[in-house]
Amino acid sequence: MKKRFAPLLILTAAAFAYAPLAIQRAPYESTMGLVQKIFYFHVPSWMAMFLAATVCGIASAIFLFAGRKSYDRIAVAGAELSVVFGLIGLITGPLWGRKAWGVWWQWDARLTSALVMWLIFVAYLLLRKYGGSGSEKLSAVLALFGMANVPFVYLSVNIWRTVHPKTSVVMTLEPDMGRPFLVCALAFVSLCALMLLTRVQLENRRAELDELFLALED
Amino acid sequence: MASESVVASGDRAMRSAPAARSSFLATAWLITRKDLVIEFRSREVVYTTLFFAVSCVLVFAFSFVKEGVAAQDAAAGILWIAIAFSGTLALGRAFERERQNDTLRALMLTPVDRPAVYIGKLAGVLALLAVVEAIVTPLVALMFGAPVLDHALLLAALLAAGTIGFAAVGTLFAAMLIRARSRDVLLPILLYPITIPVIIAGVRGTGVLFQADVDLPMARLWLSILVFFDLVFVTLALWTFEPAMKE
Amino acid sequence: MRKWHRSFSFFLLPFSLSLALTVFGATVCAQQPPQAPDGFVPADQLKPQEQLPAAPLVIAAYAVAWVAVFGYLWSIWNRLGRVERDLQDVSRRQAAGERR
């Protein structure tokens with residue numbers, strides 16, 4: 001794991017160092033102007049959130065069905081990162097929407113389902129913190145429900161009529177906007193991977209500490 | 001662990017009997033019947049949940065009263081809020097019984113399909129909520145002048161589909177929370193984010209039925225969305241119940 | 001512990017550099033009037049004074065992202081420090097116990 005850390009760190013740092021330049025050079029969007037530039041951080045942070053949620057879900061499934069305890073630690077890391085990146089997305093979105101739509105929030109399918117998915121992972125963290133022993137399996141089940149939400153949230157904007165832009169926007173970006181977007185997406189995804197590794201490291205150390213405590217008591 | 005070997009030998013015994021598979025429903029029915037009989041004897045959960053649901057409706061109705069008349073549009077939302085809140089209460093109470101005598105672990109130790117236990121408990125909770133809804137829905141109709149009888153079958157289908165979705169997730173989590181700390185506050189925390197889509201679909205579908213100009217195709221669309229949620233939730237619950245309850 | 005010190009300062013330098021660049025870039029963009037480059041024509045004809053100023057929103061959005069990321073990294077850093085301290089403490093007690 002340590003071997004993956006350094007190259008990821010370099011990649012993330014490079015991407016984040018280059019990102020502001022790329023964003024500044026990107027052209028203004030015709031109807032929204034300057035405020036559209038929030039897009040370059042808003043969408044990648046949700047991409048990172050989806051990644052973290054999926055990692056959490058898959059790790060939870062492996063923990064639940066194969067009983068491998070180490071995957072539970074990965075699940076915890078994934079849940080925490082989902083909450084962090086989801087929070088960034090939930091704040092940058094309304095900041096953009098205030099100018100673009102005139103309202104901070106709308107209860108349309110995309111925003112509502114995204115908020116609900118975020119709440120599921122907040123509930124995961126609350127459960128782990130206050131549920132006492134034995135809450136690992138329960139939180140794993142919760143994470144599975146959370147992961148099941150990811151495709152639902154992603155496709156909600158295509159299925160229902162929403163005020164939020166559709167998924168086709170990212171696919172049909174013109175190159176001058178597409179390149180900075182790619183840089184930011186890469187930056188956020190590698191940041192997510194980096195933070196996952198770091199957070200799992202913390203969980204591993206905690207597990208070591210628990211084992212040492214138990215050994216001491218014997 | 002000792003309990004694991006008992007369970008394993010029970011499983012082996014079950015698999016050797018050819019009639020074992022057909023007893024899935026028999027097991028589920030046994031558990032449901034047990035719950036219903038116990039409930040019928042004391043009627044504790046039914047009465048308390050019903051009273052709570054009615055109070056819920058009253059409290060919310062008064063919040064939306066303008067010039068002595070309750071807001072018409074609020075009927076659907078208030079009905080579903082009452083179902084969600086009283087459902088959470090009922091789930092907590094129903095499993096509290098299991099916790100006090102550690103009977104759920106005894107159930108888990110018997111050589112039966114674990115999903116059958118889940119279905120049995122779910123059916124018991126659904127029966128309880130059906131009774132509550134049968135009384136609360138006419139009450140809401142009375143207080144808000146909502147046309148409950150016009151499309152009674154569709155309304156009943158919406159209520160049933162929504163309640164199944166809500167109770168499916170609720171039964172799973174309530175069963176798993178039995179041995180957790182702070183289980184009373186954790187059940188709503190875990191349950192509501194997951195079932196919000198079900199509640200939304202239920203409110204929208206019911207709201208469409210309560211409107212002056214009813215939009216039947218829209219109501220049927222929301223019903224099919226509810227059925228989709230039900231399938232996903234029940235499948236996930238059946239899939240995860242056994243590994244989650246294993247100690 | 002020292003390894004973490006090194007990697008975090010390795011972290012901190014490019015990140016604070018990028019943060020500074022972002023803030024700088026945002027301020028520069030905010031001071032320029034939002035003139036659309038060739039090929040992009042603004043669709044709405046509202047006077048710029050009647051619209052909500054976009055710059056504070058953009059700056060706030062990027063600031064939130066940075067603060068959240070750094071705040072989280074700092075919290076991991078803190079928690080890791082605490083666990084490492086406890087680990088050293090426990091292994092010391094264990095070693096002391098074994099000597100006896």
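How much area is buried between chain A and chain B, and what share of that area do carbon and sulfur atoms give? In this predicted model, the two chains bury about 2,100 Å² between them, and carbon and sulfur atoms give 82% of that area. The size of an interface is often given as the accessible area lost when the parts come together.

**Where chain A meets chain B**

On the chain A side, A:F65, A:L138 and A:F145 lose the most area to chain B, and together they make up 28% of what that side buries. Counted by contacts, 22 residues of chain A touch 26 residues of chain B. There are 0 salt bridges between the two chains, and 1 residue pair is in polar contact. Three helices of chain A, namely α2 (39–66), α4 (109–130) and α5, each supply at least two residues of the side that touches chain B. Of the residues on that side, α4(A) gives the most, with 9.

**Helix α5 of chain A**

Helix α5 of chain A covers residues 135–159, which is 25 residues. At 1.5 Å a residue, this helix should span 36 Å, and its end C-alpha atoms are 35 Å apart, so the two values agree. The helix also has a kink of about 25°, centred on A:V153.

**Salt bridges**

Side chains of opposite charge can pair when their charged atoms come close. Over all chains the count comes to 18 salt bridges.

| Pair | N to O distance | Helices |
|---|---|---|
| B:K34 and B:E98 | 3.0 Å | α2 and α4 of chain B |
| B:D35 and B:K121 | 3.1 Å | α2 and α6 of chain B |
| B:E96 and B:R99 | 3.3 Å | both in α4 of chain B |

B:K34 is partly exposed because its relative accessibility is 30%, whereas B:E98, at 3%, is buried.

Elsewhere, salt bridges that share partners join A:E80, A:R199, A:E203, A:R206 and C:R79 into one network.

Is A:G78 buried or exposed? A:G78 has a relative accessible area of 0%, so this residue is buried. A:G78 is found in helix α3 (residues 69–100) of chain A. Apart from neighbours within four places in sequence, A:G78 is in contact with A:A52, A:C56 and A:L196. Between A:G78 and A:P20 there are 58 residues in sequence and 27 Å in space, taken from C-alpha to C-alpha.

In chain B, B:T49 sits in helix α3 (residues 44–63). B:T49 counts as buried because its relative accessibility is 0%. Which residues does B:T49 touch, not counting those up to four places away in sequence? They are B:S86, B:A90 and B:V132.

Notes: Residues are numbered from 1 along each chain as its sequence is written. Chains are lettered from A and ligands numbered from 1 in the order in which they are written. This is a predicted model: local features need pLDDT of at least 70, side-chain atom pairs count only at pLDDT 80 or more; totals for chains, interfaces and linings use all residues. Side-chain values use heavy atoms; hydrogens and water are left out. Helices (H or I, at least four residues) and strands (E, at least two) are DSSP runs, numbered from the N terminus. The expected span of a helix is 1.5 Å times one less than its number of residues. The bend at a residue is the angle between axes fitted to the seven residues ending there and the seven starting there. Buried means under 20% relative accessible area, exposed over 50%, partly exposed in between (1.4 Å probe, protein chains only). Contact means heavy atoms within 4.5 Å. Buried area is the accessible area (1.4 Å probe) that two parts lose on being put together, summed over both. A salt bridge is a side-chain nitrogen of Lys or Arg within 4 Å of a carboxyl oxygen of Asp or Glu. A polar contact is a pair of N or O atoms within 3.5 Å; within protein, one must be able to donate a hydrogen and the other to accept it, and residues adjacent in sequence count only if both atoms are side-chain atoms.
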